[in-house]
Amino acid sequence: MFKPWSTLLAFVLVAVSAWAADDRNPLAGDPKAAKAGEYEFRINCALCHGLGARGGGRGPDLTRAQKKHATTDADLFQVISNGIPGTAMPANGTNGQGVGMTDEEIWQIVTYIRSQEVRAPVNASGNAEHGRILFYGDANCSFCHMVEGKGGRFGPDLTGVGGSRAREAIIDSVRNPSRRLAWGLTEATKEFPQEYESVTVVTADGKKISGVTLNEDSFTVQVMDRGEHIYLLDKNQLRSFTKSRESAMPKYDTDVLSDSDLDDIVAFLVRVGVK
Amino acid sequence: MSADFSSPSSSRTRCEYSGAFGCCSALSAAKKLYLKRNVIAALKRCATQILCTLAPPLLLLSGAHAQVTFDRLVNSAKEPQNWMTYSGDYSGKRFSALDQINLTNARTLTAKWVYQTAATGKLETTPLVVDGILYATAQDDRAFALDARTGRPIWMYQRQVPSDIRPCCGHVNRGLAILGDKVFLGTLDAHVVALDAKTGNVIWDIVAADYRTGYSFTVAPLAVKNLIVIGVSGGEYGVRGFIDAYDAATGARKWRFYTVPGPGEPGNNTWEGDSWKVGGAPAWNTGTYDPVTNQIFWPTGNPAPSNRGEGRAGDNLYSNSLLALDADAGKLNWYFQFTKHDEHDWDATQVPILIDTPGESGGKHLIAQANRNGFFYLLDRTTGKLISSTAYGKQTWSDTKDAEGRPIANQNASPTLAGHTVCPGALGATNFMAPTYDPQTNLFYLTARDQCDIFSTAPQPYEAGHAFYGSAYFPSEEAEPYLGFLKAIDPLTGEVKQKFQHASPTWSGVLSTAGGLIFSGDAEGNFIAFDALSLKPLWHFQMGGAVYAAPIAFAVDGKEYVAIAAGSAVYAFGLP
């Protein structure tokens, strides 16, 4: 039976929500939209995801065809709109820094990301299984780092790192660990998180503790040493307190870890991280 | 006189108090019954305001005044127990003459009350306190009045903010103005609202601009004579900035000063082509006022697009300027532009503080601003002439000064497509964090940040209501972490006399008191009392949320309190 009113109503509804309600990207494949999206991306996303969407020390490489939190364009739209709970990815307009984007602008960004995707699988260059054996074995990574509940606690847990960091950023962290320290604990309302800074303190009774800061404010510091003991310290009770930008992570040169072995470890981390 | 909360009102929805902002009894009842239609009906009834009045425990305030007159605001020094304007007085000093809390007893400070706003996001409010009642705001245009001794609410107002507002930097608000028996709120949807100070009832509500084109208010208005002066936000959307004055009684607009001159007006030729139409120059932080000359000193923000100078060749007046306006007519007496043709989003919206020095023929009448561009400026406030400009933090953008002594940008300071590192970064060497001037130490205290950013251009067409930055910025590749400080500057020389380094940069404002103390907060949630001379911390309290607000001091029943907002709450501290 023909229902003119309901048809009209449906038409009106579609017209008003042309951008938001779409399951598919209304701008898909439009090169002009991709260009507009590139600028929107620079302004809103590149702080963490890097210029060219290739990721960085804070956010994942979005040129990977396989993404952890989104498969379809609609997924990407939702992730950009609503953020990803439990991660540093904020909902549109809520990071307190930039302005929120319109639905059209979000679709432009989705279009741009798609235009930057590299279809080749990223872990093709490494042997993930060999990487796993190295990670838990000869490369000694798991002495300090945990992956999927197994390993040490002195360094950052690396379970998600393959999905949340660019491949280049992971390699750089292994070859030049002090160049940029890992982003550590984050506080919801604090824009710049504490880092894994190295610290050496001497307590009032003369005990020397070396480790990494878990958290710190002007009056207190929480330190973990290599034995994974956590010390909760008042700064004004310490004999000395010295911080260093020299990472506690040893520098892995090519004579310690070959490029090919490092590729395998990265492949392992990516395999776990994008799950 | 007494504060009277008992007078009934027939013209509004009266809601029974039942907790923070979830307070309409009809709504609560409907929710309990799961009756959707009733919920909607109740929501509609309470839509324009959610108003709560406590069943009156009726605190009688001995010596309290019912009306906040202009005369009281001019003579605020006579009533140090009150905090009646954003900066505590018209001069912008954010100094409290109270000294009950002082160097000898600050170590014993203790939390007196906490008021949870139930809001999420950044709390940037500076409370007002008048005769025992504290008035403040929270995100999404909440406003509330509390018993300043206990933190217990008297009334609450929450605007039904449209869902399509897109204010730049969070749904924030920095506070109210009070005049007569009303408090005044600038809203995220670019309205100005007058609320009854006793009930929170809406007295008038006027539209200042169309929020859909990017206008909003986040600023605490300033009450001057019978006017409510307010500056607009929206520099990220290519608005044409303005400062408005409204009749406090009726809401009628008395004057508007466009911070970007139109065709035929002086300064319009500092804009290329039609770029003035979308020139920005918002006015989103509260200015100061000199009752002697009846001048308002209001600072302005970035030209738009904020980080791309192409297409708007010229100085771009009156962006990043200090404006001296006649309070009655809004006419420009003088201006001083801090950063010409800005390409780094260095709004000059920091509070300009009036400082008078003793001396012959009445001494000097000065005005000082620690600018986001990293320089401290001292001006003659009679003429607007620059006296000195001195870097107070890390800056790489200017190595030379012009004939007037104003720092000018280096050739290579402009953002590039590939990106170019400049200090200070986009957040500035300081920002909206309120500074203080302590007349006892003669020092200007501010929250400062050392941070450099990579500035990169990103050409963007203007589209009404859309972001219009023309740029992007990233943390610089330097391995150095960002540094945050509380700094004390001698305003006459620009010299940094003392500093305290925070664990990380903070967004907290600063308060000075006659007790020899400086108060400020940090990003880790501490509220800290410092010795004003040594800047050594004497006391701190962990509030559990980062600070984006500025502290105040007040007294009730002869007891001094210090208050600040952090996380989602307002805190008050006092002696045991």
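A residue is buried if 20 or more other C-beta atoms lie within 10 Å of its own, exposed if 12 or fewer, and partly exposed in between, with C-beta atoms placed from the backbone. By that rule, buried residues make up 36% of the 275 residues in chain A. This is a predicted model: local features need pLDDT of at least 70, side-chain atom pairs count only at pLDDT 80 or more, and totals for chains, interfaces and linings use all residues. Residues are numbered from 1 along each chain as its sequence is written, while chains are lettered from A and ligands numbered from 1 in the order in which they are written.

**View 1. Chain A as a whole.** Chain A has nine helices and seven strands. Helices (H or I, at least four residues) and strands (E, at least two) are DSSP runs, numbered from the N terminus. Two residues are in contact if their C-beta atoms, placed from the backbone, lie within 7 Å. Among chain A contacts between residues at least 6 apart in sequence, 59% join residues at least 24 apart.

**View 2. Helices α4 and α5 of chain A.** Two packed helices are described by the angle between their axes and the distance between the axes. Axes are lines fitted to C-alpha atoms, for helices over the stretch in contact, and angles run from 0 to 180 degrees between N-to-C directions. Helix α4 (residues 73–82) of chain A packs on helix α5 (residues 103–116) of chain A at an angle of about 125°, with the axes 10 Å apart. That makes α4(A) oblique to α5(A). Angles under 35 degrees count as roughly parallel, over 145 as roughly antiparallel, 65 to 115 as roughly perpendicular and the rest as oblique. The crossing of α4(A) and α5(A) is right-handed. A crossing is left-handed if the near helix is turned anticlockwise from the far one by less than a right angle, and right-handed if clockwise. From α4(A), Asp73(A), Leu76(A), Phe77(A), Ile80(A) and Ser81(A) meet Ile106(A), Trp107(A), Ile109(A), Val110(A) and Ile113(A) of α5(A). By class, this contact has eight nonpolar, one polar and one charged residues. Ala, Val, Leu, Ile, Met, Phe, Trp, Tyr, Cys and Pro count as nonpolar, Asp, Glu, Lys and Arg as charged, and the others, Gly among them, as polar.

**View 3. Helices α8 and α9 of chain A.** The axes of helix α8 (residues 167–175) of chain A and helix α9 (residues 259–273) of chain A come within 11 Å and cross at roughly 125°. α8(A) and α9(A) are therefore oblique to each other. Their crossing is right-handed. Arg167(A), Ile170(A), Ile171(A) and Val174(A) in α8(A) meet Leu262(A), Val266(A) and Leu269(A) in α9(A). Six nonpolar, no polar and one charged residues form this contact.

**View 4. Where chain B touches chain A.** The contact takes 31 residues from chain B and 24 residues from chain A. On the chain B side, the elements that give two or more residues are β31 (471–475) and β37 (537–542) of chain B. By class, that side has 16 nonpolar, ten polar and five charged residues.

**View 5. A four-stranded open sheet in chain B.** The strand order is β21-β22-β23-β24 (chain B), with antiparallel pairing. Two strands pair if DSSP finds at least two bridges between them. β21 (353–357) and β24 (386–391) of chain B stand at the edges, each with a single partner strand, so one side of each is left without a neighbour in the sheet. Neighbouring strands are turned by 25° against each other on average, direction ignored. Strand β23 (residues 375–380) of chain B pairs with β24(B) in the antiparallel sense over five bridges. Tyr377(B) stands opposite Ser389(B) in β24(B).

**View 6. Strands β7 and β8 of chain B.** Six of the six residues of strand β8 (residues 153–158) of chain B are buried, so β8(B) is largely enclosed by the rest of the structure. Five bridges pair β8(B) with strand β7 (residues 142–147) of chain B in the antiparallel sense. Gln158(B) in β8(B) is the bridge partner of Arg142(B). The hairpin of β7(B) and β8(B) has five residues between the strands, and Gly151(B) takes a positive phi near 80° there.

**View 7. Strand β32 of chain B and its partners.** Six of the seven residues of β32(B) are buried, so β32(B) is largely enclosed by the rest of the structure. Strand β29 (residues 443–450) of chain B runs antiparallel to β32(B), joined by seven bridges. Arg449(B) stands opposite Gly484(B) in β32(B). Five bridges join β32(B) to β33(B), also antiparallel. Leu492(B) sits in the loop between β32 (483–489) and β33 (496–501) of chain B. Leu492(B) is partly exposed, with 16 other C-beta atoms within 10 Å.
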